[in-house]
Amino acid sequence: MSFSRRWLYLPALLVLPLLLGLANEYATARPSRRTQNVAYVPASDPTFDTERHRLDVYTPKKKAAAPYPVVVFIHGGSWNSGNKNFYSFIGRRLAKQGVVAVVINYRLAPAVQVPQMADDCARAVAWTAQHIAEYGGDPKRLFLMGHSAGAGLAALLAADNRLLARHGWPRNPVKGVLLDDPAGLDMYDYLQKQEYPGDAQYLVPFGQDPAVWREVSAMYHVTAQTPPMRLFIGGETYPSISSSSRKFVSKLQSLGQQPQLTVLPGKKHAPMVLQLYFQHNIIYQELLKFIGA
């Protein structure tokens, strides 16, 4: 084959992976329906952020005899980045497997600090508990899932009942939490030590007050009544995440809880969430058992 003829084939070779990716996404999307950019804070609220106070709901297209379990996913991003739109694949994969998924935005640093982020997430969960039946979800089977900073926020929402109580839920509606390589479980300890290069950057989202660091750390709010926790960490993740996750599990065990911790060999921090692109990933397999889907 001449060089000119080979050149004619080059665009097709370049386009093929894109077409395969689009076809895969289309095939995955077919069994689900997405309702985008639902405001979970009233526009009349003085704190309303037109971009960040939004969520997407992913519902299975197939109607079921009973309402589907619900999973609210909270993204990570070091408390200063991230967007629900990056994680549509998680919503799609969950909906395909018989789950109503809610993927949320929340405000980020430096515009706000972690207490305000936690309040945003609480408002999104409160909205879900109140409205998810309209989308075929069961508010009595409402679970949280998060990665990195989002996992730390998810753990805090389950552990500190005051966050949901402020928004009309004196009894926490969260039935369980799956934490994917969680960050921020004990920022009180982490920021006091500042053992790693660049740790000072976290004083932007967390502020300078150690009392606040403790207030937004799930480690200091868990009790014997805290909903069940399921943790996954990468075998090659950051040492701080590995150590704090093990410490968190030990704290829960000391309270009579039976948390499960799974280490995925060879996985680094980012791949711990990227692997959720694949429907039959071990985290999904365990999540479906956990929530009774």
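A residue is termed buried when its relative accessible area is under 20%, exposed when over 50%, and partly exposed in between. In this predicted model, D56 has a relative accessibility of 0% and therefore counts as buried. Its salt-bridge partner is K84, with the closest N and O atoms 3.1 Å apart. The two residues stand 28 residues apart and link distant parts of the chain: D56 lies in strand β2 (residues 54–60), and K84 lies in the loop between β3 (68–74) and α2 (88–96). K84 is likewise buried, because its relative accessible area is 1%.

Side chains of opposite charge can pair when their charged atoms come close. The structure contains eleven salt bridges, including the one between K84 and D56.

A further salt bridge joins the side chains of E51 and R52, with an N to O distance of 3.9 Å. The relative accessibility of E51 is 44%, so this residue is classed as partly exposed. R52, by contrast, has a relative accessible area of 8% and is therefore buried.

The side chains of R141 and D138 also meet in a salt bridge, at 3.5 Å from N to O. R141 is partly exposed, because its relative accessibility is 25%, whereas D138 is buried, with a relative accessible area of 16%.

Salt bridges also occur as a network, in which D160, R162 and E215 are linked.

Technical notes:
Residues numbered from 1 in each chain as written. Predicted model: local features only at pLDDT ≥ 70, side-chain atom pairs only at ≥ 80, totals over all residues. Heavy atoms only, no water. Salt bridge = Lys/Arg side-chain N within 4 Å of Asp/Glu carboxyl O. Buried < 20%, exposed > 50% of the residue type's maximum accessible area, 1.4 Å probe, protein only. Helix = DSSP H or I, 4+ residues; strand = E, 2+ residues; numbered from the N terminus.
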